Amino acid sequence: MTVAALPISPHPAVDGGLQLEVTNVSPQTDSIVSITLADPSGRKLPSYVPGSHLVVQYGGEGVNAYSLTGSGNDPSEYTISVLRVEEGAGGSMAMHRLTAGDHVYVSRPRSAFAPASTATHHLLVAAGIGITPVLSHARAAADHGTTSSLIYVYRPGAGAHVDEARELLGPALTECSNRDSFQTVLTEQLTAQGVGTHLYVCGPIPFMDAVLDHARELGWPSARLHSEAFGAAELDEGEPFMVNLVRSGLRLEVPAGVSLLDTLEKAGKSVPNMCRKGICGECVLPVLRGVPQHRDLYLTDQEKAENTTMMCCVSRSEDPELELDL
Amino acid sequence: MSIIIDKDMDIESLPDRIRRFPFPFSGDTYRYSANVQPANNAAATDVGSWGAGVIDIDEFYLDELADRDRILRRDPSRMQVLPHMRPAVWDTVATLLPTMAEENPDIMSFHREGNNCRWQNKLQNLDVEFTVGDDDSLPDGPLRFLGTQIQDDIVLLDIRDNTMWLDAGLVSFAADWSFGFDVGMSFMEIHHPVPRVKEENIISRAEQFLMRLQPGEQFRRTNWTMTIGRRLDTSTETYPEWGPDRGTIANDPDMPDKLHLRVEVQHLIRLPHTGVLLFLIRSYLLPLRDIAQVPTWREKFGNVLAELPEDMAEYKGIIRYRKAASDWLLAG
Amino acid sequence: MRSASMPPAAGTGLEPGFRGVICASFGTGDTAKLHSDGQPKHDFRFDAATPEALSQLRSALGCSKVGVRLLLAGPTPDIRAAAAVAAECGLQQEEMTLLSEEAAPRAIYCPHCHSTTTTLRVAGSEVRCKGCGTNLTTTDHFSRRMGAYLGYQAHVEEAS
């Protein structure tokens, strides 16, 4: 064990996840490093959907999401690649300090960029570090016997996983190092795909928007277009707020990343509940004052607008304080 | 939670089929709801519990599997896999067999090295080796094989374009629906015939919920209807065989023994590698006479049947006899 | 986009790489009314959705490229069958337009013998299955894949 010890407690975003050991760290480029993680006792890791990401806790507080680069079929290790961002929140710098033997908390793999099962060909488009999830797609496609092709844009000398991509895709890989050649290749490929093809793009947001816009102009409907959107499928942790339980005379703080239901239960209040996901309607609470931030699927739009009830398993508060009839 | 049981009822002496039965009613009325909860924890009933694990194996194991085998031989349309669902079938096998081995270590074991697997099941004196991804490595293919190992019916829902599609499955014990006809339909299309749910928005909420599940997450819910005779195959396909009983059971002196409460325990599992939603449907049958052995069940079920609105009773196919059943239960 | 040097795909008359509009009409169905916004257009005329017609459509889609659109006109059972084939080829719902003729016959699926019977009667009425002779009650439960509505044996519960 080195100095980068395991944080004292897991962040809510990685709670219920895994505690893994760094087994290998290898530089891909001057600013990108690949980190391999495995179970310390050598057990298999959960399989994952191609294009999935891991939420990794760094330092004591922060979490970042990184794409997994493997096919996801029955893995014994997870590999992520991290671009060092000097002006970022510090996550990538902390990740770059990891060495073999360090332990980290990670979430279970989360899927938000899945391949379409009906596709007979996958057209993958990546810029820079955006190579990571599409590499996972290319590997899974090879596993399943479907074909894929990749357009990979990177600055000369700054491309991660280039050798792996060449080996995996052979002539189906097109490498581009400037904008003009990329535009030409993209147009060529977008007009030459059979009707079983789906498009997947990952890279900086303006890059993804430009590729998707171009595809739409050439008649690609949205059902064929897939782009990486980190965390789109999950609820963000939200802001902390206070609740005032009028009948019990209790005042509680609900921290970011902790649900109101959890907070109430920790304070010894029992609330009937079932799904804890905002769908079953069991944990409804009457609101006396304040505007809830409704994040459930149960209440109708009209009920949400009335702001007299809320689902405490997922919903939070727009106001600094909510008053509840509890 | 208070447990009110007649003083003269000896819970210990009740048979397993009652003590393990997933009695679905918590009160005296029933309406459709998105009654989902996390799987893998025991739900207590007034006389026992159910649902500690995902795959339940009980005294009817071999009988029900033999029944399924007969049904599939007679009507192969009960099992279908659209071509793009082959990886999801393997994902199901690679998820459920290890789960069964973990839940029943004394009778089952599963080992995997790469894609090579070995499965042992002492209940069937079975020891097989197969390769994940190779359909020919299991007799009659992976889905048919899985159907010889678990009592549950298997439905696989693909998620594409923000919609769920019923694109594969093995359903031998359908409760008044036709799997073979519904293959390829969207979740909304499948539920089109169910009354009320459109108005109450339940199906679209359920669909949103299921699509937001992350791979590896496991939930469950119950559903219920009634079946005449200890008959699991009440599919639309065989309706001419079992349908006539609905018209005669109310006046049948053997009604308390022939008429069963049928409860489905449905597990909803987002498969880890394909992200496909696995929907397992395990059907339990308990005759009215057994239900009447538990006074709280007799009363609740009697009241639920008496109160159930006409349209729901019609859809469940119980409208011709629910009053007779309710009267018998409440007469105690 | 169109290149004169490319030979047409066998049997379809369609150029490889076609990204325009494929118009397929069945029976008296007519796709001519519809504009294709100046895009290249290719017409097919079929009497009905026979296996041969569907196979021609399949090979036309097989040599088309993403961007292609499909217009189908004619009796509902025919254009539903054609749409199911197109979906199998990978065409998305947004890429197809279906113009169905009013008062067209409906296909009824018999779950007891797995055959399909066409009828002009409305949902709820009865039709005799041409496969097994059973009197079927027809429903409005529809399968796009089968292009048919579900039926089931009538009057079963009224016995004795």
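In strand S3 (residues 69-74) of chain C, the residue that forms a bridge with Val21(C) is Arg69(C). That link is part of a parallel pairing between S1(C) and S3(C), which runs over five bridges; strands are said to pair when DSSP finds at least two bridges between them. Strands here are DSSP runs of E with at least two residues, helices are runs of H or I with at least four residues, and both are numbered from the N terminus. Everything described belongs to a predicted model, in which local features need pLDDT of at least 70 and side-chain atom pairs count only at pLDDT 80 or more, while totals for chains, interfaces and linings use all residues. Residues are numbered from 1 along each chain as its sequence is written, and chains are lettered from A and ligands numbered from 1 in the order in which they are written.

Stay with S1(C) for a moment. It also pairs with strand S2 (residues 41-46) of chain C, in the parallel sense and over six bridges. Within S2(C), Cys23(C) has Asp43(C) as its bridge partner. Why is S1(C) described as largely enclosed by the rest of the structure? Because six of the six residues of this strand, residues 21-26, are buried. A residue is called buried if 20 or more other C-beta atoms lie within 10 Å of its own, exposed if 12 or fewer do, and partly exposed in between, with C-beta atoms placed from the backbone. Both faces of the strand are covered, with Val21(C), Cys23(C) and Ser25(C) buried on one side and Ile22(C), Ala24(C) and Phe26(C) buried on the other.

Now step back to chain C as a whole. An automatic or database domain assignment supplies the bounds, giving domain 1 (21-100) and domain 2 (106-158). Taken over C-alpha atoms, the centres of these two domains of chain C are 26 Å apart. Where they touch, five residues of domain 1 are in contact with six residues of domain 2, contact meaning that the C-beta atoms, placed from the backbone, lie within 7 Å. The domain 1 side of chain C has three nonpolar, one polar and one charged residues. For these classes, Ala, Val, Leu, Ile, Met, Phe, Trp, Tyr, Cys and Pro count as nonpolar, Asp, Glu, Lys and Arg as charged, and the others, Gly among them, as polar.

Chain A comes next. Its secondary structure amounts to seven helices and 18 strands, and its C-alpha atoms fill a box of roughly 70 × 55 × 35 Å along the principal axes. Of its 326 residues, 43% are buried. Ile35(A) counts as buried because it has 23 C-beta neighbours inside 10 Å. Leaving aside neighbours within four places in sequence, its contacts are Val22(A), Val25(A), Ile80(A), Val82(A), Met95(A) and Leu98(A).

Chain A also meets both other chains. Its contact with chain B takes 26 residues from chain A and 23 residues from chain B; the chain A side divides into 14 nonpolar, eight polar and four charged residues. Towards chain C, 15 residues of chain A are in contact with 14 residues of chain C, and here the chain A side has six nonpolar, eight polar and one charged residues.

Technical notes. Two residues are in contact if their C-beta atoms, placed from the backbone, lie within 7 Å.
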